Amino acid sequence: MNYWDQEQECMPRPPLENIQLRRLRETVNRSYAFVPAYKEKMDAAGVKPDDINSLQDLRKLPFTTKQDLRDNYPFGLFALPMSEVVRIHSSSGTTGKPTVVGYSKKDVDTWAELMARALVSAGANRHSVIQNSYGYGLFTGGLGVHYGAEKIGASVIPASGGNTKRQVMLMQDFGTSVLTCTPSYALQMHEVMEEIGIKASDLKLKSGVFGAEPWSENMRREIENKLEIDAYDIYGLSEIIGPGVAIECSYRSGLHIAEDHFIAEIIDPITEEVLEDGQQGELVITSLTKEALPMIRYRTRDLTTLDREICPCGRTHVRMRKVLGRSDDMVIIRGVNVFPSMVESVLLNIPNVEPHYMLIVDRKGNLDQLEVQVEISERIFSDEVKKLEEMGALITKELESALGIGVRVRLVEPKTIQRSEGKATRVIDKRKI
Amino acid sequence: MAKQISVFLENKAGRLAHVTRVLGDAGINIRALSIADTSDFGILRVIVNDPDKAYRILREAEFTVSETEVIAVQVPDSPGGLASVLEQMSEENLNIEYLYAFIGSSGNDALVIFKVEDIEKARNSFKERGIKFLEEQDLYRL
């Protein structure tokens, strides 16, 4: 079995939980002392740092949401002065405020450590040539994986995303053994390989670490068959630290959450009750070692279950199932987070267009596609095709510039989109996830 | 001048059948029709015997409908008849958005429905040049 840090990853539960409690108390103390927004929330909930005396007491603490990050944009939740912050990442924030996250030097180190564990768990080592095709930049994927790959002493190709032909050429010429990218991009690379006549057997690829978007077991099989590799799921989100929060081991029956750095809970997204292990609900994560941006009971909106059975791999850390969906209506399309509310605000800004719409997400070939159906109204209807097509093109342009991804707009007859009775269904996700 | 009823139709099975059934059940007779289609949707354009009623009942049936002013031109029903009208319209710089043929005829003339950019200008030009067209009530009575 390959571990990066066997002591931490396979620590027996009692000492692990002692460490968790000590770190939880430190995190709560620091958050209460240095982050006014956390203090306000805890005061409002009537809980003081001294009330946290067991891991069970975590439940007394209020949740943190993406909205809290937005409300405290950009640095309001930081627990360190900016002089101690060495890195800032941010979500795309296509409408409204983006969410901003910061790292101390130690946080960057922790992150690299977590990514090192993840890569080793997925079969990488110092002899690996790791081609990192996650985007470099404000997105945490690129730099997160990069630091971990360097930490284990692998040879890193910082390929970033895009220019697929060159990606394939790099894989072939540099002897890439581990590929890291989104699962859909892995399949796209295979498509280009076929186009230019490169077979998987021509490459030295052994494994892939795929994440940043939901993917199914079917897709795993497809990637593994086509690229002739082992495909590992990785989980992370920038609010918590970035990629490396959880990773599959060689048994691939759930992703081990790095419990010496995070506490995971599952809640009912509506009642906010903490659920038993094995029950499906929303994953809530508390950071235990983050200095710059401590996160207390952060609601990830990702739906999964937790399994505390000890894994045959020897790791004692809890496993989360592959993410099954979202408790909000966010969809991730080609790595971009899309909320129906963003589409709605764009439509409301176009004169005479009614905000009756539906998002249809599908995977054509290997690429996710977004279709936005918009109900036609008498005010935009015309007997001339040209004018309707101009309207369609205008809506397309506005949506694309707001969402940052390609959109296909389809005008549909009125009243064909389900009206909201309580919670409207705004998204149909046809991808087999 | 004449009123054309235009209806938005999604490219889905049964939509055209539905709209014509709604008109038929209301006793409305379709006298001319054309469909403009794209990959996603179509626009049905009809001339009917009672456009105001057609407009009302289609709206009640929750179709997206509009009324459009068009002009029903009497075109000599002989080779070159339409060409001659089109040439004269071109000389007058009358921009045509679209046109389609009427199912019936008027005397010895065929009828062609024109949607033009500037309908007043078209009427005046037609009068000057002696191109015949039907007034609204005459058209619906055909």
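Trainee: In which sense do strands E2 and E3 of chain B pair?

Mentor: Strands of a sheet pair through backbone hydrogen bonds, either parallel or antiparallel. Here E2 (residues 30–37) and E3 (residues 41–48) of chain B pair in the antiparallel sense, over seven bridges. Strands (E, at least two residues) and helices (H or I, at least four) are DSSP runs, numbered from the N terminus. Two strands pair if DSSP finds at least two bridges between them.

This is a predicted model: local features need pLDDT of at least 70, side-chain atom pairs count only at pLDDT 80 or more, and totals for chains, interfaces and linings use all residues. Residues are numbered from 1 along each chain as its sequence is written, while chains are lettered from A and ligands numbered from 1 in the order in which they are written.

Trainee: Which residue of E3(B) is the bridge partner of B:Ala36?

Mentor: Look at B:Ile43. Now follow the chain between the two strands. E2(B) and E3(B) form a hairpin, with three residues between them.

Trainee: Where does B:Asn49 lie?

Mentor: B:Asn49 sits in the loop between E3 and helix H2 (51–60) of chain B. It counts as partly exposed because it has 15 C-beta neighbours inside 10 Å. The scale runs from buried (20 or more other C-beta atoms within 10 Å of a residue's own) to exposed (12 or fewer), with partly exposed in between; C-beta atoms are placed from the backbone.

Trainee: With which residues is B:Asn49 in contact, leaving aside neighbours within four places in sequence?

Mentor: B:Ile28, B:Asn29, B:Arg31 and B:Tyr140. Contact means that the C-beta atoms, placed from the backbone, lie within 7 Å. Compare B:Ala122: it is 73 residues from B:Asn49 in sequence and 23 Å away in space, C-alpha to C-alpha.

Trainee: Now chain A. What is the strand order in its open sheet of four strands?

Mentor: The order is E10-E11-E12-E15, with antiparallel pairing. E10 (262–267) and E15 (325–326) stand at the edges, each with a single partner strand, so one side of each has no neighbour in the sheet. E10(A) pairs with E11 (residues 281–287) of chain A over six bridges.

Trainee: How many residues are in the largest nonpolar core?

Mentor: In soluble globular proteins, nonpolar side chains tend to be buried together. A nonpolar core is a set of buried Ala, Val, Leu, Ile, Met, Phe, Trp, Tyr and Cys residues joined through C-beta atoms within 7 Å. The largest one here has 89 residues, and A:Leu119 and A:Val245 have the most contacts inside it. Helix H5 (residues 105–121) of chain A gives the most to this core: eight residues. A second, separate core has 61 residues, including A:Leu399, A:Leu403, B:Val46 and B:Ala72.

Trainee: How many residues of chain A are in contact with chain B?

Mentor: 13 residues of chain A are in contact with 15 residues of chain B. On chain A's side, helix H11 (385–403) and strand E20 (408–412) each supply at least two residues. E20(A) has the largest share, three residues.

Trainee: What are the radius of gyration and the box of chain A?

Mentor: Along the principal axes, the C-alpha atoms fill a box of roughly 75 × 60 × 45 Å. Chain A holds eleven helices and 21 strands. Of its 433 residues, 44% are buried.

Technical notes:
Contact = placed C-beta atoms within 7 Å.
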